[in-house]
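The following exercises ask the student to read a protein structure step by step. Each task is followed by a worked solution.

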Amino acid sequence: MQADQKIDELSLTRAVCTGGQTVVFNVRSTGLIKSPRLKYTLTSDRSLTPGVRDAVVDRIGFFLSLADDLEQFYRIGYGDVDFAPVLQKLYGLHQVKFLTPFESACWAVLSQRYPAAAAQRIKQTITEKFGTSLEMNGQKHLAFPEPYRLAYVKEPDLDAIVRNQRKTQFLIGIAQAFAEKDEKFLRTAKYDEVEKWLSQIQGIGEWSSKLILLRGLGRMEKIAVEKRLLKATSKIYGRGRTMTQSVLDQMAEKYGPWKGYWAYYLRTAAMSS
């Protein structure tokens with residue numbers, strides 16, 4: 001998402017398209033770590049109805065996981081001798097998700113067996129070609145297309161960017177599926193029910209569905225095990241030994257519904273050290 005947003009020391013600016021209307025939001029920190037507080041401003045080229053305003057405010061909170069109450073997670077984590085220093089270092093960190101679950105699903109397809117930098121360039125070109133934009137203070141802010149905008153794009157037009165027919169077909173199918181599904185269901189239905197729905201979409205396998213559930217929907221009940229997580233866990237807990245997936249799964253169970261946050265903190269600590 002690096003090219004999609006502008007980040008300063010205490011603020012973030014990004015565009016989102018809601019119901020066909022592009023809105024640029026700026027979120028800035030005005031509080032302290034122990035008493036956090038955020039303020040936001042919304043800008044659009046037409047007036048904001050209460051419905052659009054509420055949808056964007058909800059999107060900001062969803063994007064930054066502001067409603068996540070981490071007290072129980074911290075209570076478990078501080079009882080974990082190896083993990084406690086990670087908590088102290090990253091105290092207050094909430095998961096930053098993809099702005100929408102649909103965007104995360106598109107990324108899951110684009111990044112499959114493909115270098116991240118190349119996948120990011122393709123995603124950015126899709127945003128430029130099929131998304132929406134709004135200029136503010138001389139800067140153009142791009143919003144990733146809503147599902148319905150990508151659902152009926154002509155396949156050759158999208159494939160000219162993706163240059164992979166299977167991925168192109170997957171993206172269009174994913175857009176059609178998300179265009180017909182209420183996001184409230186994805187956020188609130190039982191984990192297994194959402195995972196089942198995702199698995200029925202062509203191009204989304206087990207790993208992709210877990211990525212979408214975790215990084216697109218903030219569903220922390222399960223983790224997506226990959227090499228970076230195994231490496232991060234080995235670094236914090238292994239004392240030079242490489243962790244196996246079975247050992248990692250055992251360790252994660254201690255964190256119950258917070259195992260996703262445990263994995264998120266581990267990866268973040270490993271990346272920042």
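**Exercise 1.** Within what distance do the axes of helix 5 and helix 7 come, and at roughly what angle do they cross? The structure under study is a predicted model.

*Solution.* 
Step 1. The two axes, of helix 5 and helix 7, come within 9 Å. They cross at roughly 145°.
Step 2. The crossing of these two helices is right-handed.
Step 3. On the side of helix 5, the contact is made by Ile 122, Thr 125, Ile 126, Lys 129 and Phe 130. Helix 7 contributes Asp 157, Leu 158, Ile 161 and Val 162.
Step 4. Sorted by class, the contact of helix 5 with helix 7 has six nonpolar, one polar and two charged residues.

**Exercise 2.** Determine which residues have the most contacts inside the largest nonpolar core, and which elements give two or more residues to this core.

*Solution.* 
Step 1. The largest nonpolar core has 40 residues, and Ile 126, Phe 178 and Leu 198 have the most contacts inside it.
Step 2. The elements giving two or more residues to this core include helix 4 (101-110), helix 5 (116-130), helix 7 (155-162) and helix 8 (165-179).
Step 3. Consider Ile 126 in detail. Not counting residues up to four places away in sequence, Ile 126 touches several residues, among them Leu 110, Phe 144, Leu 158 and Leu 171.
Step 4. Apart from this core lies another, of 27 residues, including Phe 83 and Tyr 265.
Step 5. As a general principle, nonpolar side chains in soluble globular proteins tend to be buried together.

**Exercise 3.** Which residues of helix 13 are buried, and which are exposed?

*Solution.* 
Step 1. In helix 13 (residues 245-253), the buried residues include Leu 248, Met 251 and Ala 252.
Step 2. These residues cover an arc of only 100° around the axis, and therefore lie on the same side of helix 13.
Step 3. On the other side of helix 13, Gln 250 and Glu 253 are exposed.
Step 4. The cover over the buried residues of helix 13 includes helix 12 (227-238) and helix 14 (259-272).

Terms used. Residues are numbered from 1 along each chain as its sequence is written. This is a predicted model: local features need pLDDT of at least 70, side-chain atom pairs count only at pLDDT 80 or more; totals for chains, interfaces and linings use all residues. Side-chain values use heavy atoms; hydrogens and water are left out. A nonpolar core is a set of buried Ala, Val, Leu, Ile, Met, Phe, Trp, Tyr and Cys residues joined through side-chain atoms within 4.5 Å. Buried means under 20% relative accessible area, exposed over 50%, partly exposed in between (1.4 Å probe, protein chains only). Helices (H or I, at least four residues) and strands (E, at least two) are DSSP runs, numbered from the N terminus. Contact means heavy atoms within 4.5 Å. The arc is that of the directions from the helix axis to the C-beta atoms. Axes are lines fitted to C-alpha atoms, for helices over the stretch in contact, and angles run from 0 to 180 degrees between N-to-C directions. A crossing is left-handed if the near helix is turned anticlockwise from the far one by less than a right angle, and right-handed if clockwise. Ala, Val, Leu, Ile, Met, Phe, Trp, Tyr, Cys and Pro count as nonpolar, Asp, Glu, Lys and Arg as charged, and the others, Gly among them, as polar.
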